[in-house]
Amino acid sequence: MIRTFRQRNWQLYEKTTVCLFCSYSGTRLDSDAVETKRRVVERPRTGRPHPRNAFQGTYDMDRLVSFYPLLGPHIIIGPTGRPTVDWADPIAVRALNTALLVADYDVNPKYSDILPPHALVPPVPGRADYVHHIADALQKSLSGGNGVHVGTLPTGTAVIGMDIGTGASCIYPTIATSVYGWRMIASDINSNSIASARDIVRANGHESLIDVRYQEISDTSIFDGVLRADQRIDFAMCNPPFYSSMEAFQSENARKIRGLSKKKSGGTNNTKKDRVMPNDKEIGLSTNSRASSNNFGGSDSELWCEGGEVAFVKRIISESKRYWDHCLWFSSLVSRSDNLTKIESYLRKNKRSDRRRQRVQAVQRVRMGAGRKSSTILMWSFLSEAERREWAKMRNWG
């Protein structure tokens, strides 16, 4: 039986957290903490999971196998003597992530069987981090945005979020509902992904919490055709297609496979390879052999779009202007720093808009991971600090 979020260990959510946000004031931020007239901006921690993340750097394989026995045959001993899995084996990776979902997020063990053969298998710890940082943003709005997280984290069905491009895994809504009890809208343009997401929702008894909606107006529409005219959401989140073409994906895919093979054969010195999952955008499953270079797979709509990540996030920003009063925080993951620079430049133009209600009032970024494996959550709002605080009060978050 799937337990509700209220039955979980609430001590996990009562940990004291520090502000992990960087504010954007129209100029580039230094990496050190800076003080502004309105708030203190603290340097975010990088390379560490969020404090409320169930994963804190090491996999307890014995515990995971106890929750999901199908992981057992895939456990191997890594170079440092710790149990791990073969990251180049997509079946092992799928089993590990399913075990994490079952053990830490009360997900039905059938999750792995529901996913289509070529569906993306998202690394669970990184996906959970995004959800927790969204919770921090909501808490900060509720507490007045003074740079310090105080008070209760918003939980329960009064909070409504939207996952743009939920994919076949429906991973963000599943984690958000399990941990915080939020209601979620999960949208996608791929009918097969929609079918899989709905099956996952039904298998976990989340029909009243997760509304899977097919984007049937246009492949390029974000909110149009998904949000009703009278509907308000507290946040929108997205892990956008990264690649600009299938050829670009295949080239990067081949590089990743070569890298994993080199590490497996001892060609590189990687003492942490049996501790943490590679922080690739997605790890997928192929029914072909490993040599097919399709381990990092997924459907076309999940992997690439014209213009890649930059173009996709720009479309979200552009369309968000028409929904400025429908959503408290818009957000998206950005995988590369050079892409972040381009997207922030586009946001700066919107901060200087002549129309008050199409002017971005606040931009925050949260850095996750470290070095080449880092990514950034970019968040923006068209509401002032006072308006965000009033929004939180009116929504009656509990």
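Reader: Why is F223 called buried?

Author: In this predicted model, F223 has a relative accessible area of 1%. Buried means under 20%, so F223 is classed as buried.

Reader: What makes F330 buried or exposed?

Author: The relative accessible area of F330 is 1%. The cut-off for buried is under 20%, and F330 is therefore buried.

Reader: How many aromatic pairs does a search of the whole structure find?

Author: The search finds nine aromatic pairs.

Reader: Why is the pair of F223 and Y323 called tilted?

Author: The ring centres of F223 and Y323 are 5.4 Å apart, and rings pair if their centres lie within 6.5 Å. Their planes stand at 45 degrees. Planes under 30 degrees apart count as stacked and those over 60 as edge-to-face, so the pair of F223 and Y323 is tilted.

Reader: Which parts of the chain does this pair link?

Author: The pair links distant parts of the chain, 100 residues apart. F223 lies in the loop between strand 9 (210-214) and strand 10 (233-238), and Y323 in the loop between helix 9 (308-320) and strand 12 (327-334). Both F223 and Y323 are buried.

Reader: What makes the pair of F223 and F330 edge-to-face?

Author: The planes of F223 and F330 are 70 degrees apart, with 5.6 Å centre to centre. An angle over 60 degrees counts as edge-to-face, so this pair is edge-to-face. F330 belongs to strand 12, and the two residues are 107 residues apart.

Reader: Which residues form one aromatic cluster with F223 and F330?

Author: Y323, W380 and F382 form one aromatic cluster with F223 and F330.

Reader: What is the reach of helix 2, and what is expected?

Author: Helix 2 (residues 90-105) reaches 21 Å from its first C-alpha to its last, close to the expected 22 Å.

Reader: What is found at the start of helix 2 and just after it?

Author: At the start of helix 2, a side-chain oxygen of D89 reaches to within 3.0 Å of the backbone nitrogen of I91. Just after helix 2, D106 takes a positive phi of about 55 degrees.

Reader: Which residues have the most contacts inside the largest nonpolar core?

Author: In this core of 63 residues, they are L64, L71, L96, L138, I175, W182 and F235. Helix 2 gives the most to this core, with 10 residues. Apart from it lies another core of 28 residues, including Y323 and F312.

Notes: Residues numbered from 1 in each chain as written. Predicted model: local features only at pLDDT ≥ 70, side-chain atom pairs only at ≥ 80, totals over all residues. Heavy atoms only, no water. Helix = DSSP H or I, 4+ residues; strand = E, 2+ residues; numbered from the N terminus. Expected span 1.5 Å × (residues − 1). Polar contact = N/O pair within 3.5 Å; in protein donor to acceptor, adjacent residues only side chain to side chain. Core = buried A, V, L, I, M, F, W, Y, C linked by side-chain atoms within 4.5 Å. Buried < 20%, exposed > 50% of the residue type's maximum accessible area, 1.4 Å probe, protein only. Phe/Tyr/Trp six-rings, centres within 6.5 Å; stacked < 30°, edge-to-face > 60°.
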